[in-house]
Amino acid sequence: MHLITRLYLVQVLQAIDETDAKGFDAAGILTQRTRQVAWYSQTWNWFNGAWHEGNPPLIGPRSHVSWLGSSVFDGARVFEGVMPDIDLHCARVNRSATTIGLKPTMDPQAIVELVREGVKKFAPGTALYVKPMYWGEAEGLATIAPDPESTQFCLSLFEAPMPVPGGMSVMKSSFRRPTLEAMPTDSKAGALYPNNARVIREAKEKGFDNALVLDALGNVAETGTSNVFMAKDGVVYTPYPNGTFLNGITRQRVIQLLRDDGATVVEGTLRYEDFATADEIFISGNYSKVMPVLRIDSRELQPGPFYRQARELYWAYAHSKGVSQAA
């Protein structure tokens, strides 16, 4: 058992022993203890007009989201004093909410301003993950659908160091991406992520960091956590956004930056075999931005020129004039 988990259980048992409180009173005490020994990093959340530190309880057993999964979120980054494309991320969370039947309650620019306010609660230069989110609180149509008028909003910012490029390895996942007819793949819905979790668990069990995930037709869609690129004979290729995966904001930015810098980038239909024989592979995503893949199956790869070009271009863009500053 993980040391932090053991400590958490000890703290919980101590909390039970130390109080004669019953029912929700006991639950409240346990919640306070959980905050003190939590696994999460420094966190600040804006909810219902005020900032709250840590991991405050915001939903209950009757909350629609807790049992029927009516949640969406987006992810942006604050690092090195900048927060590139923050406006696009804040606009997308509203679109995601509408897609699954929720009613956005925040103007995207208002969310951006809250991010700037929240950044000041952390030490200067702290790298943050920025997570605006909506969820359904009350039951709506046939119970299964959330009541749009009950939509809740929270902005969560937490400390998350930027990953350092390393030896990322990938395999072919046995799980597939759903189609738009089967799941709301045109949104960043929480309900989509248990499938991604299956992908990552399988990869880890087989000795890999991640996996390439196919769509229903057997074409490569993405990895379990990010969009994916490959290069062959001087051309960059990436799967065409056919509705089975989210056309990432960082993905779109990388494509634009590479094309503007003279690279040929083709969005098309790609098979796993194309990646297995590629000259180089790299990924794009909000959490780590641009990272190289250094092994596919048993084949070793090197960080390639297009990966380096994409990463350098992205960092230059992130720090360029006109990009949102964190403070």
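The second largest pocket of this predicted model is lined by Arg92, Arg95, Ser96, Thr99, Thr185, Asp186, Pro241, Gly243, Phe245, Leu246 and Asn247. A pocket here is an open set of points on a 1 Å grid over the protein atoms alone, where a 1.4 Å probe fits, with protein on both sides within 12 Å along at least five of seven lines, and lining residues have an atom within 4 Å of a point. About 180 Å³ of space lies in this second largest pocket, a volume being the space filled by probe spheres set on the points, which are joined across faces, edges and corners. Its lining divides into 3 nonpolar, 5 polar and 3 charged residues, where Ala, Val, Leu, Ile, Met, Phe, Trp, Tyr, Cys and Pro count as nonpolar, Asp, Glu, Lys and Arg as charged, and the others, Gly among them, as polar. Domain 1 (43-159) and domain 2 (168-319) each give at least three residues to this lining, with the domain bounds coming from an automatic or database domain assignment.

Because the model is predicted, local features need pLDDT of at least 70 and side-chain atom pairs count only at pLDDT 80 or more, while totals for chains, interfaces and linings use all residues. Residues are numbered from 1 along each chain as its sequence is written, and side-chain values use heavy atoms, with hydrogens and water left out.

The protein chain has 9 helices and 15 strands, which are DSSP runs numbered from the N terminus (helices H or I, at least four residues; strands E, at least two). Of its 327 residues, 47% count as buried, a word that means under 20% relative accessible area, as exposed means over 50% and partly exposed lies in between (1.4 Å probe, protein chains only). Among contacts in the chain with a separation of 6 or more, 68% join residues 24 or more positions apart, contact meaning heavy atoms within 4.5 Å.

A nonpolar core is a set of buried Ala, Val, Leu, Ile, Met, Phe, Trp, Tyr and Cys residues joined through side-chain atoms within 4.5 Å. The largest such core holds 28 residues, of which Val115, Tyr134, Leu155 and Leu157 touch the most other members. At least two residues of this core come from each of strand S1 (43-47), strand S4 (76-78), helix H4 (86-99), helix H5 (108-119), strand S5 (128-135) and strand S6 (152-159), and H5 supplies the largest share, 5 residues. A second, separate core of 24 residues includes Ala127, Met162, Phe229 and Tyr307.

Leaving aside residues up to four places away in sequence, Leu155 touches residues including Trp44, Trp51, Ile111 and Val130. Ser156 is also found in strand S6, and, its neighbours within four places aside, this serine is in contact with Thr43, Trp44, Asn45, Tyr129, Val130 and Lys131. The C-alpha atoms of Ser156 and Gly75, 81 residues apart along the chain, are separated by 9.8 Å.

The table gives the accessibility of selected residues.

| Residue | Relative accessibility | Class |
|---|---|---|
| Ser156 | 6% | buried |
| Ser169 | 3% | buried |
| Ala142 | 71% | exposed |
| Lys289 | 0% | buried |

Most residues other than glycine have a negative phi. Ala142, in the loop between S5 and S6, has a positive phi of about 55 degrees although it is not a glycine. Lys289, in strand S14 (residues 289-296), has a positive phi of about 65 degrees, and is not a glycine either.
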